[in-house]
2 protein chains.
Amino acid sequence: MTTALVEKEILEINEQVEEQLKVVMTLDIQTDVLRQLVSRVERATAKTTTIPIMQGIYMHITSDRITARAMNSNYGVEVTVQRDEKGKNFTVVDGVEASVVFADKRFVSIVNSLPRKTTRMVIEDKKVILKSGRAEFRFNVLLGDEFPKFPRLKDTVSFKIDPTVLSRLYDKTVYATSSSETRPALTGVHHVVKDKVFRLEATDALRLAYIEHDLHADVSEIDAIVPASTINEVMKHLKDAGHVTVYFSENHLIYEMDDSKIYTRLIGQNYPDIQRLIPTNCVTEIQLKAEDLSEMLKHANIMNPNDPVILKIRPQDKQFRLMSKENENGVLVEDLLLINGEGDNIQLAVSPKLLKDSIDRYPKGSVIRLQFLHMHKPIVIRPLNDDKQNLDLVLPVRMPTLNPNDEVIIEDFKADVQLDIYKQSEEEVEAGKEE
Amino acid sequence: MTTALVEKEILEINEQVEEQLKVVMTLDIQTDVLRQLVSRVERATAKTTTIPIMQGIYMHITSDRITARAMNSNYGVEVTVQRDEKGKNFTVVDGVEASVVFADKRFVSIVNSLPRKTTRMVIEDKKVILKSGRAEFRFNVLLGDEFPKFPRLKDTVSFKIDPTVLSRLYDKTVYATSSSETRPALTGVHHVVKDKVFRLEATDALRLAYIEHDLHADVSEIDAIVPASTINEVMKHLKDAGHVTVYFSENHLIYEMDDSKIYTRLIGQNYPDIQRLIPTNCVTEIQLKAEDLSEMLKHANIMNPNDPVILKIRPQDKQFRLMSKENENGVLVEDLLLINGEGDNIQLAVSPKLLKDSIDRYPKGSVIRLQFLHMHKPIVIRPLNDDKQNLDLVLPVRMPTLNPNDEVIIEDFKADVQLDIYKQSEEEVEAGKEE
């Protein structure tokens, strides 16, 4: 071989090597699979950080799995897709392993707009090409190595729980967390495990939510405050989860579900002892359908948003009246015939928004109990047949025109208006509703 | 009769009279009928005026009809509901005639939240009570007498037109109006009737829309500019209209439909002669499906909103390439095989948003023609088989990197990417689309 030939060969090899280095991976993927992967992690991207890589979506691709990850200052989400047997969901056409971070804000909308059922993804060093049908989107990415990994937790306590149950427990409590950072402990939901009971508590000092669930298994004691933003994210993943295990360490927690993991920091504060805030007795108790009260509060919100409503209750007569604050624009009056009532007449003012938040946590058709001690003491809301495991508190609003000693007068009580000419059609509607 | 008795009787009569004066009217109405009436006029309420009554919805009620009206500085809408034979839609229970103005901003949301199929409306002087089911909304209203009436037009020229046709003519033109008030004439659509032809024109100086419709009837000459906001409102009413007659006077216009009337001011300006802007020849003409180009422009908008795209066209090879501007973030390349092409190669830059606006006015499945004269001259868009009655112009963007004398090079043209492993499923998708 002449030197010239050798040189030519070396050049050719060099070119091939460079070409191989350039194209790291070619992947064919069902567009829906890619879309779902992206949509399940994208909410977790940090929206306000100044570090570009943290705004991005990390993706690690091997021949048999794709792992996507996104993180913010509170929590991180990791979702994995396994290659199915025939590679119908995705197939690596070329390459062994690639990891990139899509930090370009347009990435999500580009993925959502990909026109065809399948997409080819070509990863070249710091560039990715997405081809779907005629469209060929080329854009710059960051290297995946720099993206933070999930920490490994040491000394964890864990328990398994039914995802539907955990979802319900969270729905029942997270609404009552505080959005103000002045008392960080209140921005999370307090998780306590003790004596086989899993207890969740939340309060923003105006209302309080409390629920218990029997674990039927010995678990070491847990006392942790999980940020509300994490819980809102977790609830979205629980919908599709078949199982979930929760691992607690001192400062962190991991939810492990079928194909996803959510990692979160814990709020390192002491949670206040809220059990002592719950009234142990009452002078008035009433029973009503949660959805009836919810509808009344909805009307009140439309009439005067942000204004308290006045509740007038005559339990012996089963009379319940809700009135908006009367002002220059008008007033809303709405009467309800109670299912049951006991104790003294009472009237008080309350924020319709706060009360509705609690009421709406009860399933459709359910009957709830409202307990009152005094015009200025918390209203206790409980499910009909469950004395201890679940309750909500709402603090009334002080209103100068209402006096605890005033007689509770409900004039012209009418629980339902029936219009003569439409009586029949109203009944039809009602019948239709119940079907 | 003793004086005391007489006095007592007079007092009683007085009370009765006062009571009657107080309650002007009681009306039972199907909630849906009320809701529709309100929703059809509410868009026309003046949002920015300082006169409270002009923000309101006027309602005039007699035993056989309800008329609702709302107005702003450009136009007014009036909708009428006739009582049906059996009074199933509404019935006046008490009273003869009432007219009120609902100026309370919550009125629309209250009407939308009324819980039952039927609603009772009690009008008392300056108060209205809405009862539906348990809810009883009481609020203050203004007297109807002060609400402006529709003016009667003098010396009108009018013609009937199919609402579907008028709707299409408006859809084809109103998009091209200007939103800038610096040249008021361009904020409206120019209406011209001459020699039995109804012509509409709109332009914002960057693009232009032109359409003609044969009236098949002798109508006096019309030359009027209708504000775009009026036309957008009229289009919503045309959807449900069985017929429409348009009455033009010197300064105003009225659309008269089945049960509604829209009254508008005209823009009192001279419209520019835009016919001379339309190129009469071209060096390149291509044919393609409107929806293909629309999809490509959608991708470009996602990739780089507000940035012009570059079109490269080789008509003899039927090659059409769209490229987004290449920047630090990436680039979009999309190729299309043309249905037909004639003339010289050409490349130019254009706003994807402006071009998409025009293209999207063509119905799904339709083939359109694009005509080019020069890199800096307007692009002419026409339907395939209609040379004179409809066209759109879009002005290209000047881009320093593009030179009219440069060769138009399209490297590595690929009109469609077929991924091997999914070939079959892609074909299935395509087959499914055509079904």
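**Exercise 1.** State how much area is buried between chain B and chain A, and what share carbon and sulfur atoms give.

Solution. Buried area is the accessible area (1.4 Å probe) that two parts lose on being put together, summed over both. Between chain B and chain A this comes to about 5,000 Å². Carbon and sulfur atoms give 50% of that area. With contact taken as heavy atoms within 4.5 Å, 57 residues of chain B and 57 residues of chain A take part.

The model is predicted: local features need pLDDT of at least 70 and side-chain atom pairs pLDDT 80 or more, while totals for chains, interfaces and linings use all residues. Residues are numbered from 1 along each chain as its sequence is written, chains are lettered from A in the order in which they are written, and side-chain values use heavy atoms, without hydrogens and water.

**Exercise 2.** Count the salt bridges between chain B and chain A.

Solution. A salt bridge needs a side-chain nitrogen of Lys or Arg within 4 Å of a carboxyl oxygen of Asp or Glu. The count between the two chains is eight. A:Asp292 and B:Arg134 also meet in a salt bridge, at 3.4 Å from N to O.

**Exercise 3.** Find the domains of chain A.

Solution. The bounds come from an automatic or database domain assignment. Domain 1 covers 12-146, domain 2 covers 157-265 and domain 3 covers 278-420. In chain A, the C-alpha centres of domain 1 and domain 3 are 53 Å apart.
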